[in-house]
Every structure is written in structure tokens, then in C-alpha cells.
Amino acid sequence: MIINAKSKLNKEQFEAKVEKNADSFEIQLIEEMNSKNFNIQNYQEELKKYKIRAIHMPLYKYHDYDIEKVESQKILKKVCLLAEEIIDFQNNFFKENEKILVVVHLNISFQLLKEYGLLNRLKKLILELINKYPNIEIGIENVTSINYIKELGTFNFNNGLYLEEFQFKFSNIELVKEINHERCGIVIDTCHLLMNKKGMKKIQKYLKNEIVLDNFIEEYFKQGSQYVKLIHLNYCESHGFHKYHGLAFDKKDKKSMKYLKEIMDLYFKYNYSCMITLEVNEEDYLNCVNFEKTKKALLKIMKEKDK
């Protein structure tokens with residue numbers, strides 16, 4: 001199993017994660033794609049030292065570039081070119097033949113993609129990029145059904161999760177099925193998954209218990225088993241927004257460990273072999289205590305599994 005650390009494209013953050021025994025990385029882009037001066041050639045020394053296995057679409061001023069938006073699709077083209085440049089450089093340097101995963105968000109339902117006439121255009125774009133760049137893969141991440149950005153004063157209801165005949169459907173899985181290419185799959189964010197389960201519990205009574213939540217997390221792992229490329233491993237408490245989002249798994253926290261055990265039991269039950277990125281927030285990204293806690297918790301679960 002490959003375990004990645006999440007990091008900005010930043011030497012200091014790379015080094016901080018390596019100090020906590022990180023082996024490889026998923027890059028979180030921030031403002032780079034909006035800079036006219038950005039050039040991957042400026043990062044050659046970092047690319048010789050730190051293995052990059054995934055690259056996440058930019059987060060800019062609390063804003064994710066969701067793949068269904070026209071602006072985002074322009075950014076996606078730049079990110080795929082960047083990803084191809086990174087993996088070409090590293091494959092040549094390390095004498096390897098690896099792929100790199102580009103992680104994107106889909107924020108509306110698969111149903112609405114069809115209704116708005118967006119599905120065919122989005123499918124065409126993804127297939128064009130996959131065919132243009134032979135060393136990239138694209139992973140479409142599950143998002144939260146509710147999005148709250150305090151800094152912007154926005155509270156939105158998303159449709160990444162929806163019900164069809166009272167059966168759960170997951171938009172990223174349905175889109176990947178439609179695209180039907182081995183280099184396009186899903187990314188499972190466990191914090192988002194838990195937030196969605198908690199959110200659905202709040203409305204369950206209004207649906208007169210016609211939906212069953214007991215197997216909600218397993219249903220996602222089951223439906224996604226053929227398509228998974230990556231797991232973002234993180235935890236949430238309470239409603240999961242802001243300080244309760246992207247938390248560490250901690251060996252001292254029985255509740256988080258119970259959830260981590262459930263995730264890894266499903267990982268093996270459905271024969272997953274994908275890489276895992278420890279995507280946890282830090283008070284200080286140069287002192288990655290939450291990354292360290294989460295990796296130790298994961299290794300503890302793995303050790304117990306082997307007994």
C-alpha cells in the first residue's frame with residue numbers, strides 16, 4: 001500500500017513531511033495556475049528528491065475549481081499539462097514508468113449534468129485529456145452534500161450524493177461509469193463521506209425512515225470498488241465544517257479509531273489496493289503532528305489486521 005502525504009508545491013512543506021516519515025506526495029495546488037510566472041522548471045531539485053504521485057486541482061480563496069464549470073475546465077487543462085511535465089521528469093530521473101493522478105471535484109449531481117447538457121461535453125474533455133497525456137490519470141472526488149464557507153458567507157446544497165428510488169447514488173461514480181476509461185476513476189474522501197452520513201441522519205426522519213443509513217459507508221466502498229484510484233484519509237467531528245474538518249485519526253481517540261477500522265475493513269473486504277493520501281489539516285504545516293498521528297493510527301490498524 002502506498003501512503004502519500006499532502007503538501008503544497010513547497011520545499012519546506014516537503015521537508016516537514018519527510019521528517020515525519022512521508023515517502024511520497026500528493027500536491028495541493030493553490031495560486032500557481034493563476035500566476036504568469038509559474039514554471040515547473042523552477043522545482044527540478046524538489047522533483048529529484050520527492051516522489052509525486054498525485055496533484056490536486058487548485059484551492060483558491062476558499063474556492064474549489066469544480067470540474068463542471070467552464071472556468072475550471074480551462075484550469076484542468078493547465079493542471080493536466082503540469083502533471084504530465086512532473087511525471088515525465090520524474091520517470092526520466094528515476095528510470096520508472098509511473099502514472100500520476102489528477103484529482104478533481106464534481107459538485108453537482110450526475111442527473112443535472114445530463115439535464116443541463118453538460119455530460120457529453122465533460123466526458124469529451126476528460127477523454128481528450130487522457131488521450132493527450134498518456135501518463136496521467138484523472139480521479140473524481142466525492143464532495144459533501146452541504147458546503148459552508150464562513151469567510152464568504154455562503155451555504156450551499158450540493159448534489160454529489162442523491163437518492164434514486166430511495167437508493168443512494170454517488171455522482172462521481174456515475175460519471176466515471178459513463179466515461180468508461182481505465183485511467184479515469186474515483187477518489188474517496190473519508191471526511192466527506194462521514195459528513196454526508198451525518199447530514200443524511202438529520203433528514204432521515206423527514207423521509208419516514210425510507211432510507212437506510214446503517215450501510216451507507218459500505219455502500220460507497222462497494223459501488224466504488226471497480227473504479228477507485230485514491231483514498232483521502234481524514235476524519236471529522238460534529239458537522240465537519242472548519243475546525244471540525246480534515247482531522248487526524250488518533251490512537252488515543254477511540255471514536256476516530258473505530259471509524260478508521262471500519263474504513264480499512266472495507267478496503268480489504270472489497271479488495272482495494274489503491275494508494276492513500278493522509279489529507280489532514282495542521283495548525284503549523286511545518287510541524288506535521290496530525291500527519292504523524294494519522295500515519296501511526298493507520299499502521300496500528302494494519303498491524304492488527306495482519307495478526
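**Salt bridges and their helices**

A: Glu178 is partly exposed, with a relative accessible area of 30%, where buried means under 20%, exposed over 50% and partly exposed in between (1.4 Å probe, protein chains only). The model is predicted, so local features need pLDDT of at least 70 and side-chain atom pairs pLDDT 80 or more, while totals for chains, interfaces and linings use all residues. Residues are numbered from 1 along each chain as written, and side-chain values use heavy atoms, without hydrogens or water.

Lys123, at 23% relative accessible area, is likewise partly exposed. Glu178 and Lys123 form a salt bridge whose closest N and O atoms are 3.6 Å apart (a side-chain nitrogen of Lys or Arg within 4 Å of a carboxyl oxygen of Asp or Glu). This pair links distant parts of the chain, since Glu178 belongs to helix H6 (residues 171–179) and Lys123 to helix H5 (residues 119–132), 55 residues apart; helices are DSSP runs of H or I, at least four residues, numbered from the N terminus. Across the whole structure, a search finds 16 salt bridges.

Another of these joins the side chains of Lys269 and Glu218, at 2.6 Å from N to O. Because Lys269 lies in helix H9 and Glu218 in helix H8, the pair ties together parts that are 51 residues apart in sequence. Lys269 counts as exposed at 52% relative accessibility, whereas Glu218, at 24%, counts as partly exposed.

Helix H9 itself (residues 254–269) has 16 residues and reaches 22 Å from its first C-alpha to its last. Its buried residues are Ser256, Met257, Tyr259, Leu260, Ile263, Met264, Leu266 and Tyr267. They are covered by elements including helix H7 (190–204), helix H8 (216–224) and helix H10 (289–306), with contact taken as heavy atoms within 4.5 Å. Just after H9, Asn271 takes a positive phi of about 60°.

Because Lys296 and Glu292 are four residues apart in helix H10, about one helical turn separates them. Lys296 is partly exposed at 45% relative accessibility, and Glu292 is partly exposed too, with a relative accessible area of 25%. Through salt bridges that share partners, Lys20, Glu292 and Lys296 are joined into one network.

Technical notes
Helices (H or I, at least four residues) and strands (E, at least two) are DSSP runs, numbered from the N terminus. The expected span of a helix is 1.5 Å times one less than its number of residues.
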